[in-house]
Structures are given as C-alpha cells and as structure tokens.
Amino acid sequence: MGKKDKKGDRPLPPPPAGGAAPADAFDMVFHCQLAHGSQTRQVRDFTNVKQLYESIAKAFSIATEEILYCTLNTHKVDMTRLLGGQIGLDDFLFAHVKGEEKSVKVMKDGPALGLTISDNGAGYAFIKKIRDDSIMSRVEGIAVGDHIAKINDQTLTGCRHFEVARMLKEIPIGSEFSIVKVEPQKAFDTQLAKRPEKGASGDVSAGAGRKTLRMKRDGTAVVEDLPSDDIQKKITVIDDNLESHVGIRDMELSTTIFHMAKEAKEPEIFAGNLDETLKDFQFPDDFLLTVFELVHGK
C-alpha cells in the first residue's frame with residue numbers, strides 16, 4: 001500500500017486550493033507481488049510507468065522486459081483493474097509477466113475483427129477486449145490479456161495501441177494473417193485459492209476522497225484527489241468513444257483528452273490543441289465534437 005513520508009525536517013507548504021502536490025514532495029512506497037505468485041516486495045522512486053516497471057523488476061530480480069502490465073488489487077487478468085496513469089495510495093500492485101508464446105492464424109472475413117487494444121505504456125500492446133460473436137471470438141488460443149508480439153512476422157515491440165489497431169484494420173478483408181501472442185504467466189490453482197484480493201476496496205474506481213498518484217504524459221507525477229463521480233463518468237464515456245472510433249481503450253489518454261477539452265473555450269481550439277499534442281492518433285472530427293460537447297455540457 002502506498003505510504004507518504006515527508007522528506008526533511010522542515011514542513012512543506014500546502015498546495016494551492018484545488019491543486020495537486022508534486023509526487024517528489026513525498027516518498028511514495030507501494031506493495032507489489034508477481035501475479036502468478038511471489039513474496040510481497042516494496043517499489044518506490046518512480047514518476048512514470050517505465051520507471052515503475054524498472055522498480056518492480058529490480059525488486060523481484062527479473063528483466064524489465066518480462067513485465068507485460070500491472071493490475072490493481074487483484075492478481076487475476078481483469079482488464080477493469082488494469083493500471084493506467086493513476087494509482088490509489090492504498091492500492092496493491094500485481095505485475096503480470098510473460099508466459100507461453102504461441103502463433104495463431106486469423107482469417108479476416110469481415111471489416112472488424114472485434115478486438116480492443118491497449119498498451120502498457122512501455123512498449124507492449126495487448127488485447128483488452130474481445131467482442132462476442134466477432135471474428136476474434138472464433139479464433140482458438142487467443143484471449144483477453146494476451147500481448148500481441150508480432151503480426152505477420154512484424155515485431156510490435158515499441159508500438160502504441162493505436163498503431164497496432166491501425167495495422168489490424170488495414171489488413172485486407174478476405175486475407176489470412178498470423179499473430180504471435182504471449183500470454184501472461186498463470187498461477188497454479190492452489191496459489192489462486194490461497195490468495196485473497198488486496199487493497200482497501202475491491203473497486204479501483206470507487207473511493208471518493210481517496211488520494212491518488214497520477215503519472216502524467218510528460219513524465220512527471222502528482223498526488224491529487226481522485227476525480228469526482230461526474231468527471232469520472234465523463235472520462236469513461238470518452239474512453240468508450242475511443243474504443244468505438246479508434247479501437248483502443250486508454251484511461252490515461254482519456255483523462256488527458258478530458259482536461260484538454262475542458263481548457264478549450266471553442267471546439268476549434270480543442271481540435272487544434274489535440275492535433276498538435278496527439279497528432280499520431282488521427283482522431284476523426286465526430287469524435288472531437290462529441291468529446292467537446294460532453295465536457296462542456298452542450
């Protein structure tokens with residue numbers, strides 16, 4: 001669980017009203033286990049996801065590249081508990097590491113595969129959702145939580161989720177392609193039975209008034225209150241729109257988009273700022289207008 005130990009003897013000034021305390025004002029300590037089973041270790045000294053994975057790897061004497069992603073307060077492959085850009089100060093981390101690698105063949109006999117892609121913020125894209133009755137739901141040997149390592153022998157290490165989603169979308173209808181996937185290492189049934197859920201609450205999104213460490217896209221981090229229920233609902237709707245328009249889910253990205261829309265007075269300003277800051281995503285115009293109207297209540 002995260003603990004806050006103030007550094008130095010002199011007390012720090014309080015943050016401005018409504019503001020957030022920088023993470024380096026505190027010594028943040030979190031507890032972590034490997035999801036397939038391990039002793040508990042402490043991780044600290046990070047302000048972004050890559051540094052967090054390095055800290056976890058050091059704590060467990062494994063290579064950083066072995067870590068696929070982390071879940072909060074559960075060792076299960078539960079995409080609703082996936083670590084994004086925020087960690088509650090009482091959250092317990094579970095690191096999922098690489099397991100078995102397998103190649104599967106897919107026949108793209110329609111325009112949509114039925115996959116939602118996410119990534120771990122450190123170079124690995126993975127499957128966050130498989131829609132029922134979709135092309136991918138009929139493919140044996142592939143599951144939610146699997147890392148997509150290659151498409152047609154093209155290595156995807158370092159690719160963002162939107163790049164992988166775009167690559168899959170551009171595969172011609174009627175063609176067969178291959179995916180090399182890496183599943184997270186599984187726990188033995190006996191370990192699963194012994195290990196309870198961790199954390200003060202099983203619901204990561206719950207806990208009004210809880211403090212959270214937010215790892216920002218610029219590599220810095222701040223300690224702040226969790227968003228209000230109203231703001232969190234709007235961010236979730238933005239994430240839903242990301243899935244329907246771009247084929248990805250990313251709560252950190254959705255949070256960034258929310259704040260950019262809130263700061264813009266006109267949709268044209270919002271669109272310009274988004275194109276300048278996040279131009280690689282190529283958001284469609286209807287997505288931008290939907291988000292702006294959602295945030296500003298129009």
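Helices (H or I, at least four residues) and strands (E, at least two) are DSSP runs, numbered from the N terminus. With that in hand, let's walk through the chain shown above.

This is a predicted model, in which local features need pLDDT of at least 70 and side-chain atom pairs count only at pLDDT 80 or more, while totals for chains, interfaces and linings use all residues. Residues are numbered from 1 along each chain as its sequence is written, and side-chain values use heavy atoms, with hydrogens and water left out.

## Overall picture

The protein chain has seven helices and 14 strands. Of its 298 residues, 47% are buried; buried means under 20% relative accessible area, exposed over 50%, and partly exposed in between (1.4 Å probe, protein chains only). The accessible surface comes to about 15,200 Å², and carbon and sulfur atoms account for 49% of that surface. These areas come from the Shrake-Rupley method with a 1.4 Å probe; for residues, only the protein chains shown count as cover.

Contacts (heavy atoms within 4.5 Å) tell you how the chain meets itself. Among those between residues at least 6 apart in sequence, 62% join residues at least 24 apart.

A nonpolar core is a set of buried Ala, Val, Leu, Ile, Met, Phe, Trp, Tyr and Cys residues joined through side-chain atoms within 4.5 Å. The largest one has 45 residues, and the members that touch the most others are Val 106, Met 136, Val 164, Leu 168, Ile 257, Phe 270 and Phe 283. Apart from that core lies another, of 31 residues, which includes Phe 30, Ile 56, Leu 68 and Val 97.

Take Val 164 as an example from the largest core. Leaving aside neighbours within four places in sequence, Val 164 is in contact with Ile 117, Ala 125, Ile 148, Ile 151, Leu 156 and Cys 159.

Phe 270 brings us to helix H6 (residues 267-277), whose buried residues are Phe 270, Ala 271 and Leu 274. Seen down the axis of H6, these residues fall within an arc of 100° (taken from the directions from the helix axis to the C-beta atoms), so they line one face of the helix. The face turned away from the buried side carries the exposed residues Glu 268 and Glu 276. Cover for the buried residues of H6 includes helix H5 (251-263) and helix H7 (285-296).

## A loop with two contrasting neighbours

Phe 46 sits in the loop between strand S4 (41-44) and helix H1 (49-60). Phe 46 counts as buried because its relative accessible area is 7%. Not counting residues up to four places away in sequence, Phe 46 touches Phe 30, Gln 51, Leu 52, Ile 87, Leu 213 and Met 215. The C-alpha atoms of Phe 46 and Thr 220 are separated by 9.1 Å, although these residues are 174 apart along the chain.

Asp 45 is in the loop between S4 and H1 too, but counts as exposed, at 64% relative accessibility. Phi of Asp 45 is near 60°, a positive value in a residue other than glycine. Asn 73 also has a positive phi, near 70°, and lies in the loop between strand S5 (67-72) and strand S6 (86-88). Asn 73 is buried, with a relative accessible area of 1%.

## Charged pairs

Side chains of opposite charge can pair when their charged atoms come close. The structure holds twelve salt bridges, each a side-chain nitrogen of Lys or Arg within 4 Å of a carboxyl oxygen of Asp or Glu. Here are some of them.

| Salt bridge | N to O distance |
|---|---|
| Arg 249 and Glu 243 | 2.4 Å |
| Arg 249 and Asp 239 | 3.1 Å |
| Lys 186 and Glu 183 | 3.9 Å |

Arg 249 is buried at 14% relative accessibility, and Glu 243 is buried at 8%. Salt bridges that share partners join Lys 129, Arg 131, Asp 239, Asp 240, Glu 243 and Arg 249 into one network. Lys 186, by contrast, is partly exposed at 49%.

## Cysteines

How many disulfides does a search of the whole structure find? The search finds zero, taking a disulfide as a pair of cysteine sulfur atoms within 2.5 Å. The sulfur of Cys 70 is 5.7 Å from the closest cysteine sulfur, in Cys 32, which is too far for a bond. Cys 32 is buried at 0% relative accessibility, and Cys 70 is buried at 1%.
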